[in-house]
Amino acid sequence: MVRMGFHERWISLIMECISTVSYSFLINGEPTGHITLTRGSPPRASLLECQKIQEILATYEKASGQQLNRAKTTLFFSRNTPQAMQEGLKDILGVEKCLSRQWYKLSLTYTMNCFKLPVTLCKEIEEASAKAKGSFAWRSILKAKDLIKFGLSWRVGDRTKIPIKGSNWLIDEGHRRVLSPLTNVPMDTRVAELIHGSPPTWNVNKACPIVTLIWDSALDFSELWNSVPMSFRDLVRKVVHSASDLLLEKFAVTCWLLWHKHNHDRLNLPSEDYSQTRNRAQAYLHEYLSVTTEEKAKKPKPPPVRWKLPLTNYYKVNFDGAIFKESNAGGIGVVIRDNAGMVIATLSQKVHGTHTVEMIEALAAKRAIIFAKEVGVADVEFEGDAENVIRDLSSNDPIHTPYGLVLEDATAMLQEFQRFSMSHTRRSGNTVAHALARRASECNSSLIWMEEVPPDITHVLLNDFFALN
């Protein structure tokens, strides 16, 4: 400081600050000792003091039951420490690992997250090259530096340093850079050419003149194009809420054709000129409307189907399934009637778990077969309103799905009946079984009624009975 020309008074104040600094150690939460640093050679610990540290650590291990993991303990030495002294300290402390300055740099990664490091040290780390001597781990980290740089993205500020082409500056995850060829944009063009002002807004004067001509030529889009600049999402939202007839359809077809043309140009594939975009959009839209708005012949509504009596000496077993989305469960309904229409037995059962519609119908068919066996009927007509279940039960083709396995079990049990048949009906001919399946949402297991139905669906049974007459 004297050589640099500082005043003696100032030098004395600085030296007073340096010479009066002292340190203490916290032992059991209490400051202990009073260490004052002095100018000159730093104090060196003797071998006796090193052994004393070992005794203190051994006492701590016995008292706490915790042992120092010497395999994970590391010693750092400066380059001025003789090798013989390093080996001696390693033997006394029982530590095997001794790291160099390069590893010392590597250990700074965590430190840099917590403390401010000298500028010179930061630059030394940044300028480290793969040719620098170091461990395999350190060289591996340096090898990955280019990969890390490739994944970095710009944080857009004044936009004057970010190239439009070849730079990661877009905000979309997985789509950080502009993929379009941008043949008319010079390589050194900056993002500031596209975005300006504060808060930043898109520079609409830089829009593609060809695309602008296409949108300007369509009168339907003139109001949108001349409005305040907005994001594509806001533009689509405005198109959707527009009162103009078929504006959304026209907008979608035009955008698709522009994107299609762009991709062909990017891949150097032949394509029509941009001037044909509007005509092609009108042709595509006209073709689409001619197909979707074609008046289809209305099919006459079939008359309602009623439940019919089974053949003489047969019993009819109607079954149906239902799904309760609010409780992630399903229901099964089964009713067995004789050839006079009298009820033999009814069942309402809840099925826990989430199932598809076809699986619930297959489970209902299987439960109906089991229920008929439990009741003891031998000649049976099974009837349900799930056409695919009836068809698959009557087929010999295997179905390698859980649904097919359920039907396979049901088909095997059918062979135990003396005589049986399978038939399909519509919902109006299966009302009792449907009502039993729907009411299963109110029960926790299986409910069975012999020679009657639950009181709350008696009117459904009477409708079937009166329809017979």
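Me: How many bridges join β7 to strand β8?
Reply: This is a predicted model, in which local features need pLDDT of at least 70, side-chain atom pairs count only at pLDDT 80 or more, and totals for chains, interfaces and linings use all residues. Residues are numbered from 1 along each chain as its sequence is written, and side-chain values use heavy atoms, with hydrogens and water left out. Strands (E, at least two residues) and helices (H or I, at least four) are DSSP runs numbered from the N terminus, and two strands pair if DSSP finds at least two bridges between them. β8 covers residues 329-337 and runs antiparallel to β7, and the bridges joining them number 9.

Me: Which residue in β8 is the bridge partner of I323?
Reply: β7 and β8 form a hairpin with 4 residues between them. Within this pairing, the β8 partner of I323 is G330.

Me: Which residue in β10 is the bridge partner of N318?
Reply: β7 is also joined to β10 (residues 379-384) by 5 bridges, and these two strands run parallel. The β10 residue that pairs with N318 is E383.

Me: How many of the 10 residues of β7 are buried?
Reply: Buried means under 20% relative accessible area, exposed means over 50%, and partly exposed lies in between (1.4 Å probe, protein chains only). Strand β7 spans residues 315-324 and is mostly covered; the number of its residues that are buried is 8.
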